[in-house]
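Subject: Structure for you to look at

Dear colleague,

I am handing over the structure below, together with some notes on what was found in it. Please read them with the sequence and the coordinates open beside you.

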Amino acid sequence: MRPFLSVEKMSVGYGTTTVLDKLDLGIRKGEFVALLGSSGCGKTTLLRTIAGFTKPFSGSIRVADRDVTQMPPDKRGMALVFQSYALWPHMTVAQNIGYGLKLQRQSRENIDARVNEMQNLLGLAGLGDRKPGQLSGGQRQRVALGRALAIDPEILLLDEPLSNLDARIRLTVRHEIRSLQKRLGITAIHVTHDREEAMVMADRIIIMNTGRIEQEGSPEDVYNKPASPFVAAFMGAENLLSMQARVQGEQVELMEGSFNPSIVTALAGRTLATGPIELRFRAEAARLARSEDKTVLQPGTLELRGQVTSVSYPGGHWRHAIRLGENEILVDADTPFNQGEAVRVCIPAKSLFIFNVVEGLAEARAL
Amino acid sequence: MTAHIDLWWLPRAFILGLLAFIIFGPLTNLLLWTVAEKWYFPHMLPLEYGFTFWQRVFSPRGNAMASLMTSIIVATLTVIVSLALAIPAGYALSRLKLPFRGLILLAFLIPQAFPNLPVYVNIARFFYEIGLNGTIAGVVMVHVTHGLVYAVWIATAAFSAVDIDLEEAARSIGAGPLRAFRDVTLPLAAPGLMASAIFVFLESLDEFTGSYFVGAPVVNTLPLLLYTAGSGGNYQIASITALLLLVPSIGFMLVVERFLRADVLSKVGH
């Protein structure tokens, strides 16, 4: 089946700089997709190009077999919710929400009914006569959402709509938007730099880096099976170690280093070649044990020996900085270990993200 | 210590008084002249007060009313033409990444940069050849070149103060470019445009040199009447005319002050 929205071989940029190069993307009807990436990765450019505010150099954008590449934004049947909300200060809340319907030349009664429906849906009842200036941040955000939803768009585009809200409201609005989108069955594309926000809201996450799609997949997929070191790091596997690996058939051996004995584990779908590798894992995926603790490890568990350099309590668990020669890694544990204590860090094979080191990349990183 | 501060008040009071005299002295003199029936040297104040000159100015046979009408017609047309040019120009200058944006803005200053007299003499000569001399259209054109600098600069600032997101928000939910401009950009820029209209109106009302060379003696605006009356030694008529010119100026300045927000002003010339 063809996707509802498809972007094919699209290149976009400003002047002579290319931001997105031959990008392909397909989104099914009713799907909630998050474009995730750090600032400058091209996610907002992608969204604005889909919305029609930026013209691509080449490639095409199709919605339901309709080529919209050259269409102006107002003919695309999409609605964009801006990061700044972009509410019109000279119009009331009701006028803001009803404007799109007024453009469609709907009758007064229809507009009033729909505006009321939107206000009730978004918890803005009774605020219809206020101007945007008299609303709180959360209310403004909901007016912006209502204005976009009122016209019943085929595709709802969200450009970091939660980043201007304070942390507590943000958590509730996430769920509100998600449940609203499910209830109305709208196709939505959500641009964000917040990993947790993307995980909680989206059916599918598209991780972008320097104008390319690094990986796309369900939240579980990108979290548990990162396809590149960038994705692994972006999804929270910040601990980084360099090692040597030897691949033999379906098995990979991580060679013995100054802090670890060698282990052999299944490739389990990883594509690896013999040579230098970089290894990543999350602070919460590792288990900490005293060095005299001689519990037998499950086969394939990587064991590192190091020393605790500092302990902190970010809440819920204790976070330890462990020194391994030149490197320092962070490991969580339920009980605190003493500073200076020699410890064993055990990481189960499934939590190890292993990637071959690309020559140029390693040098770039060393700089 | 207190004596020291008290002493400081003396020069301050003196300077304030002097300033007040510089500003209000001529005004008072002007007001006195408008109601003076008889006033000659060496008397400090008029000898007789009355409104006969007012009657003369406002009588159906007096030229003051006709001149006032001419002035208002010219000023209104100037505002319409200037805004018709300044709205698209200001919008383009604020929105598009035009090359030499600063130079374009500066170009509107050119009519002000050269000495007025030679420019207007040449314009008059040229207009005479193409039959625009002594017509309202000719005078309006001269005033437009003069007023356009205010109109374009302020309009550019007014449009720059409208966030582009607001326009795109309208576009994204179905408004065409003109509709978005009409419903969102224009209303939000209106206070600034209003201010620029008022500036142009006042400039036109006040303009003398161009009107004199291009308009006189057929198109007789209020400043031309003032000049004729003043040079003819008729101070009463001149003062009353001046007062007529002063009223809209002061009234509009008060309006402008309300309309021109600081955020618009701060974008002038950017």
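A word on terms before the findings: the domain bounds used here come from an automatic or database domain assignment. Please also keep in mind throughout that this is a predicted model.

For chain B, that assignment gives domain 1, covering 2-50, and domain 2, covering 62-265. The C-alpha centres of domain 1 of chain B and domain 2 of chain B lie 34 Å apart, and the contact between them draws on four residues from domain 1 of chain B and six residues from domain 2 of chain B. On the domain 1 side of chain B, the largest share of what touches domain 2 of chain B, three residues, is supplied by helix H1 (residues 2-34) of chain B. Sorted by class, that side of domain 1 of chain B has three nonpolar residues, one polar residue and no charged residues.

Also in chain B, helix H3 (residues 64-95) packs with helix H9 (residues 177-206) at an angle of about 140°, their axes being 8 Å apart. Angles over 145 degrees would count as roughly antiparallel and those from 65 to 115 as roughly perpendicular, and H3(B) and H9(B) are therefore oblique to each other. Their crossing is right-handed. From H3(B) the contact involves residues including B:Val74, B:Thr78, B:Ser82 and B:Ile87, and from H9(B) residues including B:Leu193, B:Ala197, B:Phe201 and B:Leu205. By class, this contact of H3(B) with H9(B) has eleven nonpolar and five polar residues, with no charged residues.

Turning to chain A, nine helices and 20 strands are assigned there, and the C-alpha trace of chain A spans about 80 × 45 × 35 Å along its principal axes. Of the 367 residues in chain A, 38% are buried. Among the contacts in chain A with a separation of 6 or more, 65% are accounted for by residues 24 or more positions apart.

One helix pair in chain A deserves a look: helix H2 (residues 93-103) and helix H3 (residues 108-121) of chain A pack at an angle of about 130°, with 9 Å between their axes, which makes H2(A) oblique to H3(A). H2(A) passes H3(A) in a right-handed crossing. The contact is made by A:Ala94, A:Ile97, A:Gly98, A:Leu101 and A:Lys102 of H2(A), together with A:Asn110, A:Ile111, A:Arg114, A:Val115 and A:Met118 of H3(A). By class, the contact of H2(A) with H3(A) has six nonpolar, two polar and two charged residues.

With best regards

How values were computed:
Residues numbered from 1 in each chain as written. Chains lettered and ligands numbered in written order. Predicted model: local features only at pLDDT ≥ 70, side-chain atom pairs only at ≥ 80, totals over all residues. Contact = placed C-beta atoms within 7 Å. Helix = DSSP H or I, 4+ residues; strand = E, 2+ residues; numbered from the N terminus. Nonpolar A, V, L, I, M, F, W, Y, C, P; charged D, E, K, R; others polar. Axes fitted to C-alpha atoms, helices over the stretch in contact; angles between N-to-C directions. Parallel < 35°, antiparallel > 145°, perpendicular 65-115°, else oblique. Left-handed = near helix turned anticlockwise from the far one by under 90°. Buried ≥ 20, exposed ≤ 12 C-beta atoms within 10 Å, placed from the backbone.
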